[in-house]
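Here is a friendly note to read alongside the model. Please keep the view open and follow the points in order.

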Amino acid sequence: MSRKSLLTNRASLTHKVGYALRHPARITPYVKRTARDTWLRLKHPGHVAYYRAVMASDTGRNPEAAVGSRSHERWLALGEMQFDYLAEHGLKPGHRMLDIGCGNLRAGWRFIAYLDTGNYYGIDISPDILISAKRTLTTYELQDKLPHLTITQDLKLDFLPSAHFDVVHAHSVFSHSPLDVIDECLAHVGRILAPGGFFDFTFDRTEGAEHQVLREDFYYRTETLLRLARKHGLEARFMDDWEKRPHGQSKIRVSNPA
Ligand SMILES: C[S@@+](CC[C@H](N)C(=O)[O-])C[C@H]1O[C@@H](n2cnc3c(N)ncnc32)[C@H](O)[C@@H]1O
């Protein structure tokens, strides 16, 4: 990520005007997105209901684009990047994994194929994307792996057992989450982590002012998220090695103190 893009405030009028002048073809899609955002925001004042409606609308058009991939090749590559990273960081078939915001199993199908039967747990707020996730499962003939795929309304994780998961993962989820959603997750994730387990999440990083674009994209400073995790008694660190991957977001790992 360039220093310049880390300092950009995408919500500022100056940025928007400059961007529109540089990319005139993107003005109409942006206006349409803003109109949809305004309508959905009025209809669904709560964040989860609002984002569920965004996902319903996006998934109806194209489930792979709904999770952020503009082509099938990118969908495959983004899943592979997530899998390779965790494999390099010691993921083993016997591990139990919780994938928060699993989407349509862009990475999930690889984790399901690799992990022992029943060891993958995917949760998501969107029923539409979970239906698409089941299609992915069928496409890759992974029925025998018996993954758990569950709808959720919040991130209290109260329906899951204590000290159970070796790896908890949230890729491109907090980039779409207001701070109270992240706070709720960090307040509860420590309980479900197995001894030695960790929780990796990506986020859209800014080194300038924190901001959001519509209510869909949120940009946080690393310190804000590290502080939030530590407030809940977790150890937290920025993952430098993730920065080398061709991905626009950054990654933080949290764990219970040893
Ligand atoms: C950009 S997609 C990424 C999906 C998947 N992690 C991947 O990398 O392919 C974000 C997903 O997170 C889900 N999501 C957003 N907010 C969530 C929340 N608070 N709890 C659970 N899932 C959430 C969305 O419905 C969507 O499926």
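**Notes on the predicted model**

1. Let us start with Asp-37, which is found in helix α3 (residues 27-43); helices here are DSSP runs of H or I with at least four residues, strands are runs of E with at least two, and both are numbered from the N terminus. This is a predicted model, in which local features need pLDDT of at least 70, side-chain atom pairs count only at pLDDT 80 or more, and totals for chains, interfaces and linings use all residues. Residues are numbered from 1 along each chain as its sequence is written.

2. How exposed is Asp-37? Asp-37 is partly exposed, because 16 other C-beta atoms lie within 10 Å. On this scale a residue is buried if 20 or more other C-beta atoms lie within 10 Å of its own, exposed if 12 or fewer, and partly exposed in between, with C-beta atoms placed from the backbone. Leaving aside neighbours within four places in sequence, Asp-37 is in contact with Leu-214, Arg-215 and Glu-216; contact means that the C-beta atoms of two residues, placed from the backbone, lie within 7 Å. Between Asp-37 and Arg-205, 168 residues apart along the chain, the C-alpha atoms are separated by 22 Å.

3. Strands β6 and β7 form a hairpin with three residues between them, and Leu-214 in the turn has a positive phi of about 50°. Strand β6 (residues 211-213) pairs with β7 in the antiparallel sense over three bridges, and the bridge partner of Gln-212 in β7 is Phe-218. Pairing requires that DSSP finds at least two bridges between two strands.

4. From the hairpin, move on to the neighbouring pairings. β7 (residues 217-220) pairs in the parallel sense with β5 over two bridges, with Arg-205 opposite Tyr-220. β5 (residues 193-205) also pairs with β9, in the antiparallel sense over five bridges, and there Phe-203 has Ser-250 as its bridge partner. Four bridges join β9 to strand β8 (residues 235-238), and these two run antiparallel; Ala-236 stands opposite Val-254. Strand β9 (residues 250-255) is largely enclosed by the rest of the structure, because five of its six residues are buried.

5. Next, look at Leu-225 in helix α10 (residues 222-231). Leu-225 counts as buried because it has 23 C-beta neighbours inside 10 Å. Not counting residues up to four places away in sequence, Leu-225 touches Ile-182, Phe-203, Tyr-220 and Ile-252. Leu-225 and Leu-7 are 218 residues apart in sequence, and their C-alpha atoms are 17 Å apart in space.

6. Which residues cover the two faces of strand β1? In β1 (residues 97-100), Met-97 and Asp-99 on one side and Leu-98 and Ile-100 on the other are all buried. Leu-98 stands opposite Tyr-121 in β2 and opposite Val-168 in β4. β1 pairs with β2 (residues 120-124) in the parallel sense over four bridges, while three bridges join β1 to β4 (residues 165-170), also parallel.

7. Together, β1, helix α7 (residues 108-114) and β2 make a right-handed β-α-β unit; right-handed means that, with the strands pointing away from the viewer, the path from the first strand over the helix to the second runs clockwise. In the loop between β1 and α7 lies Leu-105, whose phi is near 65°. Leu-105 is buried, because 30 other C-beta atoms lie within 10 Å. Leu-146, in the loop between α8 (127-139) and β3 (148-151), has a phi near 45°, but counts as exposed because it has 11 C-beta neighbours inside 10 Å. Most residues other than glycine have a negative phi.

8. Finally, the ligand. Of the 23 residues around the ligand, Gly-101, Gly-103, Arg-106, Ser-126 and Ser-172 come nearest; a residue is near a molecule if its C-beta atom, placed from the backbone, lies within 6 Å of it. α4 (47-61) and β2 each supply at least two residues of this shell.
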